[in-house]
Amino acid sequence: MAKGAVVGTAVVVCAAAAAAVGVAVVVARRRKRRRDAEAGRRKQASDVIEEVEQAFATPTPLLRGIADAMVEEMERGLRADPHAPLKMLISYVDNLPTGDEHGLFYALDLGGTNFRVLRVQLGGKEKRVVQQYEEVAIPPHLMVGTSAELFDFIAAELERFVGTEGDDFHLPEGRHRELGFTFSFPVHQTSISSGTLIKWTKGFCINGTVGEDVVAELSMAMERQGLDMKVTALVNDTVGTLAGGIYADNDVVAAVILGTGTNAAYVEHATAIPKWNGPLPKSGNMVINMEWGNFKSDKLPRSDYDIALDFESLNPSEQIYEKMISGMYLGEIVRRILLRLAHDASLFGDVVPPKLEQLFVLRTPDMSAMHHDTSHDLKHLGAKLKDILGVADTSLEARYITLHVCDKVAERGARLAAAGIYGILKKLGRDRVPSDGSPKQRTAVAIDGGLYEHYKKFSACVEATLADLLGEASSSVVVKMANDGSGIGAALLAASHSQYTVEE
């Protein structure tokens with residue numbers, strides 16, 4: 001081989017080697033950049049998670065402070081302090097069911113786009129309840145029509161329902177049918193069977209009803225239908241749940257709704273209600289509708305996510321407690337945290353899923369389904385993220401981070417709800433063991449609502465936290481699920497406030 005050829009070959013080989021080295025260097029640099037980027041992403045995700053864990057922490061001493069604040073605000077509301085966030089509304093319910101009620105009673109439960117009509121035949125302690133109910137959808141045009149049109153439609157459905165009474169139901173001769181009316185809209189109540197509408201909510205916008213007595217409106221509609229029925233109790237759903245709870249268990253002292261929204265009602269000593277002006281009720285007690293969703297305190301651990309959610313809501317600075325513990329908002333809080341992780345730590349890839357930007361796209365039932373996924377690879381959680389956010393392929397890490405976020409948000413909501421219940425028990429002196437050695441007094445709390453019923457990790461955390469707060473006294477406190485307490489509760493209150501004093 002000629003010398004020139006050898007040199008040329010050597011040059012080519014050297015060039016190829018240099019190129020290979022160059023490629024290796026480039027590849028190594030790219031790998032390092034990817035490793036550095038991945039490390040940076042993981043660090044960002046870790047920082048956000050650590051921030052969430054700190055912001056959403058609810059140590060027991062903090063919960064005790066929140067319970068104390070709840071008691072303080074309850075007392076302000078009972079004094080009619082105009083600046084008190086808890087209105088502590090007097091329900092005018094002073095006679096609660098005892099279990100001895102007899103007779104046929106009806107209930108109407110109006111609180112949304114559907115209403116329910118119920119009838120119950122009460123037979124005292126031996127034969128407690130026989131009940132039937134129907135659910136009726138309200139035509140959309142009646143939700144924006146006139147008051148007469150809406151109540152005429154309801155009265156016509158009541159009349160039709162009465163006409164289907166079977167042999168298990170009978171009304172003694174000479175008696176009017178009596179109705180308990182659950183009306184879940186803001187009302188200024190003036191007696192057990194009267195109250196003026198403050199405003200319509202939940203998509204209703206009806207002329208001529210605001211400022212009017214809703215019982216009078218319904219009564220006139222029933223008269224126009226020729227229906228012989230009298231409203232003997234006007235209640236909201238939480239008070240109805242309390243009545244239904246006490247009927248089933250005489251030791252119930254409070255009822256809590258943990259569903260899309262949240263509220264609480266409890267039995268207060270009439271002498272502990274400074275704003276009560278009338279003669280003291282014979283029972284010595286009065287049911288108070290707390291409207292506790294509006295509870296607010298500097299002790300509540302509000303995060304940046306809560307503050308932003310509140311600011312962007314339809315009712316800023318209102319219902320602060322509700323926005324931290326109720327089914328309407330828990331999923332939205334999770335969405336906001338995941339969006340932060342998607343932006344700052346590319347949790348779902350380099351592109352933020354467009355659907356994740358949509359307000360309330362992640363509902364609490366979906367959050368619950370993800371939270372309860374026990375598969376080793378969280379495949380059900382991954383399927384939910386695909387269905388809801390449109391992310392076709394999520395990493396196992398992203399799924400576990402999502403699970404952790406659900407856990408932190410649900411845990412905080414449940415522990416804050418338990419602190420509120422503990423506050424009620426503390427107000428009633430049911431939070432401790434008697435110091436004089438007398439027997440423990442059994443106490444029951446009735447809870448209703450889809451969040452509590454279906455989100456098992458949430459409800460388990462409420463109960464465990466309440467037991468922790470009560471300590472030794474927890475052995476005498478029972479938390480009970482009150483399925484559909486508000487519907488039957490209204491019928492029971494119609495019975496306990498019946499105009500007839502002679503039992504069947």
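Modeller: One term before we start: buried means under 20% relative accessible area. Also, keep in mind that this is a predicted model.

Biologist: Okay. Is Met88 buried or exposed?
Modeller: Met88 has a relative accessible area of 0%, so it counts as buried.

Biologist: Where is Met88 found?
Modeller: In the loop between α2 (60-78) and β1 (89-90). Its phi is positive, about 50°, although Met88 is not a glycine.

Biologist: What do residues other than glycine mostly have for phi?
Modeller: Most of them have a negative phi.

Biologist: What about Tyr92, what is its phi?
Modeller: Tyr92 has a positive phi too, near 65°, and is also a residue other than glycine. Tyr92 sits in the loop between β1 and β2 (102-110). Its relative accessibility is 25%, so Tyr92 counts as partly exposed.

Biologist: Switching topic: how many residues are in the largest nonpolar core?
Modeller: There are 89, and those with the most contacts inside the core include Tyr266, Met290 and Trp292. Helix α11 (residues 396-427) gives the most to this core, with 16 residues.

Definitions and conventions: Residues numbered from 1 in each chain as written. Predicted model: local features only at pLDDT ≥ 70, side-chain atom pairs only at ≥ 80, totals over all residues. Heavy atoms only, no water. Core = buried A, V, L, I, M, F, W, Y, C linked by side-chain atoms within 4.5 Å. Buried < 20%, exposed > 50% of the residue type's maximum accessible area, 1.4 Å probe, protein only. Helix = DSSP H or I, 4+ residues; strand = E, 2+ residues; numbered from the N terminus.
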